[in-house]
Amino acid sequence: MRRRSVPWIHRYSRPLIGGVSIVGAILTGYLTITKLTGGAAACTAGASDGAGCTGVLNSPYATVFGLPLSLFGFLAYIAMAVFALSPLFINGETQKNLRKSLENNTWLLLLAGATAMAVFSGYLMYILATELKELCPYCITSALFALTLLILTIIGREWEGLGQIILPMVVVAMITLVGTLAVYAGVNSPTVTGGKEEITRPMTAATPPYGWEVTTVSGEAEIALAKHLKAIGAKEYGAFWCPHCYDQKQLFGKEAGEILKKERVYIECDPQGVNGNPQACRDAGIKGFPTWIIKGQEYSGTQRLEKLAEISGYTGPMNFKYTVPGRK
């Protein structure tokens, strides 16, 4: 009796799913490392040309439970790659039953994983279009990968019937959507950590020459610290499109920030920014933003005001009002 030929997509679906997942893991792994090390993604490095990417990748939607969203994407892609490729390492002749069992179980896991990723990516695309209103190539690429994984999973094997596909997809989709809405329910609501209000992050692209508007109000401690930093000759180097620089501005508040700018404590390194002085930044050897130079020592990244007070010898009021999300 002649054996029925197996469609090519059934033969190659697992390698294809594994390949897409590995590429997705590389993409999200790169974004995760960039985020954790305080660097800038390829589309954001430089100046305001990548401001759209900057706003999206540093928006409140890009952080979940204090961790980069891309980290969870990386773990999801790795899991999909394992589910897809693991049965291929089982010898189909000597361990036929084990391989068949593993294939059946991992197909269900692939269906659940691909459905969850597609639903979550769909929600993020909705946010990208309606809330952030920016173009993010990384986000769109990852969403296309998730959709591709779902399509390959559905057509990649001969399912017993539509019920075997539809019911798990509906259940997983509902759980994913409810969970996603719960995670992002308070994304635009200020929270209090350790008695301090968490600053908000930019959700749109920075517009030259001013960048994002500072929305926090300075207290006596922030203003006193700003005056002290001016008195000792401290310098902060930044750029109007830099989200970490914006965090620093939000920590000081609008009034203290005006003091830092007026007294030239803050140096704008982008020529498109207000009073841009890129030469001063080059002369100081600045490699990242923000960078503080206090008493001859260099400090990179957003600094807590308590730390700035300590390293600068400030002895005034310490009742600082704000903190960065995820920090105490």
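Residues are classed by relative accessible area, computed with a 1.4 Å probe on protein chains only, as buried under 20%, exposed over 50% and partly exposed in between. The structure is a predicted model, in which local features need pLDDT of at least 70 and side-chain atom pairs count only at pLDDT 80 or more, whereas totals for chains, interfaces and linings use all residues. Numbering starts from 1 along each chain as its sequence is written, and side-chain values use heavy atoms, with hydrogens and water left out.

F120 and Y184 form a stacked pair, at 6.4 Å centre to centre and with 20° between the planes. Because F120 belongs to helix α4 (residues 96-132) and Y184 to the loop between α6 (162-183) and β3 (192-193), this pair ties together parts 64 residues apart in sequence. F120, at 22% relative accessibility, counts as partly exposed, while Y184, at 5%, counts as buried. Y184 also pairs with Y123, and since the ring centres are 5.9 Å apart and the planes lie at 15°, this pair is stacked. Y123 counts as buried at 14% relative accessibility, and one aromatic cluster is formed by Y61, F120, Y123 and Y184.

Charges over rings (NZ of Lys or CZ of Arg within 6 Å of the ring centre and within 35 degrees of the ring normal) include R14, which lies over the face of W107 at 4.6 Å from the ring centre, and R157, whose charged end sits over the ring of W159, 4.7 Å from its centre.

Notes. Rings of Phe, Tyr and Trp (its six-membered ring) pair if their centres lie within 6.5 Å; planes under 30 degrees apart count as stacked, over 60 as edge-to-face and the rest as tilted. Helices (H or I, at least four residues) and strands (E, at least two) are DSSP runs, numbered from the N terminus.
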